[in-house]
Amino acid sequence: MQPRNMSMSGVVDLAAVKAAQEAKAKAEQARAEAARQGGAGALSPADLVIDVDEAGFERDVLQRSAEVPVVIDFWAEWCQPCKQLSPVLERLAVEYNGRFLLAKIDVDANQMLMQQFGVQGIPAVFAVVAGQALPLFQGAAGEAQIRETLDQLVQVAEQRFGLTGLVVDPDAEPGAQAGPATVPAGPYDALLEAAVQALDAGDFGGAVQAYKNVLSDDPANSEAKLGLAQAELLQRVQGMDPQAVRKDAAEKPADAEAQIAAADLDLVGGHVEDAFGRLIETVQRTAGDGRDAVRRRLLELFEVVGTDDPRVVGARRALARALF
């Protein structure tokens with residue numbers, strides 16, 4: 001079988017982006033709990049290559065993809081090209097030092113996963129990033145092509161999803177679980193209550209600061225993340241002239257700042273789908289820093305609405321198509 005390049009534009013829905021986002025949330029909760037317990041040790045190089053089956057797929061791939069890109073190597077014992085490709089991928093997983101995790105899936109023992117990914121022949125290599133599947137290449141690719149693809153994957157994971165990889169310690173014992181080096185979280189009830197009171201009083205700046213104080217110690221605190229996104233939105237629209245903002249947006253359809261401001265007003269007014277659609281269309285019309293600003297604002301608005309909301313699920317898929 002000849003190698004077949006598969007563009008990063010091929011973002012596919014993995015059974016449901018909603019399920020993937022729920023898995024991501026569970027991973028964030030697990031990391032927060034590890035931080036509360038003082039954090040876990042770094043991975044050893046041997047832990048960068050794992051065997052995955054259907055029973056452990058959600059834990060080992062979906063949840064881990066919220067921390068690090070997971071490259072999936074579909075292989076079989078009888079596949080001769082697999083015996084050439086797999087050792088290269090395993091060596092590169094160690095060389096990239098935690099920038100991606102390699103998951104090996106035996107297709108003979110895991111037919112359901114093979115069908116779910118639409119694998120037509122092996123070897124086939126995919127990646128999962130923040131719950132989204134990306135086809136990388138199929139066939140026995142050369143090392144130069146593999147490196148180029150992995151470099152692009154790592155870049156996309158870091159720039160688009162903020163995934164910077166795992167901590168690796170050459171002296172760590174195999175089997176250790178990596179965890180972020182964060183300050184153990186403490187009780188934040190008082191700070192969170194203060195933030196809510198500030199919101200009720202219209203003190204959006206005070207609410208923003210209170211939520212930031214929580215997140216500075218506990219970056220995975222879901223209540224503070226949601227509250228901060230809402231408080232920042234209300235702070236931004238405070239004092240806006242809605243008529244002027246909408247007039248500006250109508251006259252400048254490709255202006256990132258004008259569309260971002262109008263989208264904020266859309267969301268505050270309860271027009272969720274209009275806000276998402278406006279920003280996704282602007283992503284398609286713009287480039288460079290403006291496009292990236294629109295993408296960041298859209299991700300912030302996802303937090304305001306809630307990542308498990310069906311409208312967010314659909315907008316994430318539309319954003320992925322626009323970006324890749």
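These notebook entries record what I looked up in a predicted model.

**Entry 1: two helices**

I began with helix α8, residues 222–237, and helix α10, residues 256–268. Two packed helices are described by the angle between their axes and the distance between the axes. I found that the axes of α8 and α10 come within 10 Å and cross at roughly 115 degrees. Angles of 65 to 115 degrees count as roughly perpendicular, and α8 and α10 are therefore roughly perpendicular to each other. I noted the crossing of α8 and α10 as left-handed.

I then listed the residues that make the contact. Helix α8 contributes Leu-233, Arg-236 and Val-237, while α10 contributes Asp-264, Leu-265, Leu-267 and Val-268. Sorted by kind, the residues of this contact are 5 nonpolar and 2 charged, with no polar ones.

**Entry 2: Asp-203**

I located Asp-203 in the loop between α6 (189–200) and α7 (204–217). Its relative accessible area is 41%, and Asp-203 is therefore partly exposed. I looked up where its side chain leads: the side chain of Asp-203 reaches the backbone nitrogen of Gly-206 at 3.0 Å. I also checked Asp-203 against Leu-234, a residue 31 places away in sequence; their C-alpha atoms are 9.8 Å apart in space.

I turned to Ser-65, in the loop between α2 (57–63) and β3 (70–75). Is Ser-65 buried or exposed? With a relative accessible area of 0%, Ser-65 is buried, because buried means under 20%. Leaving aside residues up to four places away in sequence, I recorded that Ser-65 touches Val-70, Val-128, Val-129, Ala-130, Gly-131 and Leu-163.

Ala-130, one of the residues touched by Ser-65, received its own check. Ala-130 is in the loop between β5 and β6 (132–138), and at 4% relative accessibility it counts as buried. Its phi is near 50 degrees, a positive value in a residue other than glycine.

**Entry 3: Asn-97**

I found a positive phi at Asn-97 as well, of about 55 degrees, although Asn-97 is not a glycine. Asn-97 lies in the loop between α3 (80–95) and β4 (101–106). Its relative accessibility is 44%, so Asn-97 counts as partly exposed.

**Entry 4: a peptide bond**

Which form does the peptide bond from Ile-122 to Pro-123 take? I recorded this bond as cis, with omega near 0 degrees. Pro-123 is in the loop between α4 (111–116) and β5 (124–129).

Terms used:
Residues are numbered from 1 along each chain as its sequence is written. This is a predicted model: local features need pLDDT of at least 70, side-chain atom pairs count only at pLDDT 80 or more; totals for chains, interfaces and linings use all residues. Side-chain values use heavy atoms; hydrogens and water are left out. Axes are lines fitted to C-alpha atoms, for helices over the stretch in contact, and angles run from 0 to 180 degrees between N-to-C directions. Helices (H or I, at least four residues) and strands (E, at least two) are DSSP runs, numbered from the N terminus. Angles under 35 degrees count as roughly parallel, over 145 as roughly antiparallel, 65 to 115 as roughly perpendicular and the rest as oblique. A crossing is left-handed if the near helix is turned anticlockwise from the far one by less than a right angle, and right-handed if clockwise. Contact means heavy atoms within 4.5 Å. Ala, Val, Leu, Ile, Met, Phe, Trp, Tyr, Cys and Pro count as nonpolar, Asp, Glu, Lys and Arg as charged, and the others, Gly among them, as polar. Buried means under 20% relative accessible area, exposed over 50%, partly exposed in between (1.4 Å probe, protein chains only). A polar contact is a pair of N or O atoms within 3.5 Å; within protein, one must be able to donate a hydrogen and the other to accept it, and residues adjacent in sequence count only if both atoms are side-chain atoms.
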